[in-house]
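Subject: Structure handover

Hello,

Here is the structure I promised to pass on. Please open it alongside this note.

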Amino acid sequence: MQIPTPWLAALGAESEKPYYRALVDFLALERATKTVFPAEENVFRALALTPPDDVKVVLLGQDPYHDDGQAHGLCFSVLPPTRPPPSLKNMFRELKDDLGIVTPEGLGELSAWAKQGVLLLNTVLTVLAHQAASHKKQGWETFTDAVIGKVNESARPVVFCLWGAHARSKAKLVDISRHSVIESAHPSPLSARLFFGTKPYSKINAALVAAGRSPIDWSLGP
């Protein structure tokens, strides 16, 4: 479980702190005795695809999907042939309503966004199979807060997109005099009626353009 080099340099001594060493030991024991998602090589995939100097947008999730064939290190994203889970389907519905972009049926892989500078970061980066939130309060939150803090230090404006109470609690880590924060309900079926109509994609792009940065192409697939 290796932090990608650009982030390792940006985060300084974070990986040497006692909490992080304890987290690594905890995960080694968990993987030795249980099934943990995502695979070890994908734990830091969000950081690998979006280096610190490339971050334009931070989209925060909570913890990885916990069913088979889902989590691969990007929040909300699933690899084919896995079909989009309900929250992601609702994100695509809003994308169509907001920008008229139709996502190909069955596609749920979001790396195209990550490669444009959308940091698809969960606040907890691992989970036990079929046990939601099973790795919370083991140190990941401290680590991902450090990641958010490093992005907050960026001299270039970044848009933080915070859906749901958990993500919105991270707004306190953002200097709104330099960055933009877009908040709304979560796209989960439990709160989707409050998410629909919030137009997050056009708001993100408008904030980027206002800050002199290029917008995100939210389309996926061919």
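Below is what turned up, element by element.

Keep in mind that this is a predicted model.

**The sheet**

Start with the open sheet. Four strands form it, in the order β3-β2-β5-β6. The pairing is parallel. Its edge strands are β3 (118–122) and β6 (180–184), and each of these pairs on one side only. On average, neighbouring strands in this sheet are turned by 20° against each other, direction ignored.

Now look at one pair of strands. Strand β5 covers residues 159–163 and pairs with β6 in the parallel sense, over five bridges. Which residue of β6 is the bridge partner of Trp-163? That is Ser-184.

**Helices on the sheet**

Helix α6 (residues 140–152) lies across β2 (57–61), β3 and β5. The helix runs at about 155° to β3. Helix α9 (residues 200–210) packs on the sheet as well, where it touches β2, β5 and β6. The direction of α9 makes about 160° with that of β5.

**Helix α2**

Next, go to helix α2, residues 18–33. A quick check on its length works out. At 1.5 Å a residue, its 16 residues should span 22 Å. The end C-alpha atoms are 23 Å apart, which agrees.

Which residues of α2 are buried? They are Tyr-19, Tyr-20, Leu-23, Leu-27 and Glu-30. Seen down the axis of α2, the buried residues fall within an arc of 90°, so they line one face of the helix. What do they pack against? The partners are β1 (36–37), β4 (127–128) and α6. That last one is the helix that lies across β2, β3 and β5.

Turn to the other side of α2. Pro-18, Asp-25, Leu-29, Ala-32 and Thr-33 are exposed there.

**Arg-45**

Last, a single residue. Arg-45 sits in helix α3, which covers residues 45–49. Is its side buried, exposed or in between? With a relative accessible area of 28%, Arg-45 is partly exposed, because that class lies between the cut-offs of 20% and 50%. Leaving out residues up to four places away in sequence, Arg-45 touches His-72, Gly-73 and Leu-74. Leu-190 is 145 residues from Arg-45 in sequence. In space the two are 28 Å apart, C-alpha to C-alpha.

Best wishes

Key: Residues numbered from 1 in each chain as written. Predicted model: local features only at pLDDT ≥ 70, side-chain atom pairs only at ≥ 80, totals over all residues. Heavy atoms only, no water. Pairing = 2+ DSSP bridges. Helix = DSSP H or I, 4+ residues; strand = E, 2+ residues; numbered from the N terminus. Axes fitted to C-alpha atoms, helices over the stretch in contact; angles between N-to-C directions. Contact = heavy atoms within 4.5 Å. Expected span 1.5 Å × (residues − 1). Buried < 20%, exposed > 50% of the residue type's maximum accessible area, 1.4 Å probe, protein only. Arc of directions from axis to C-beta.
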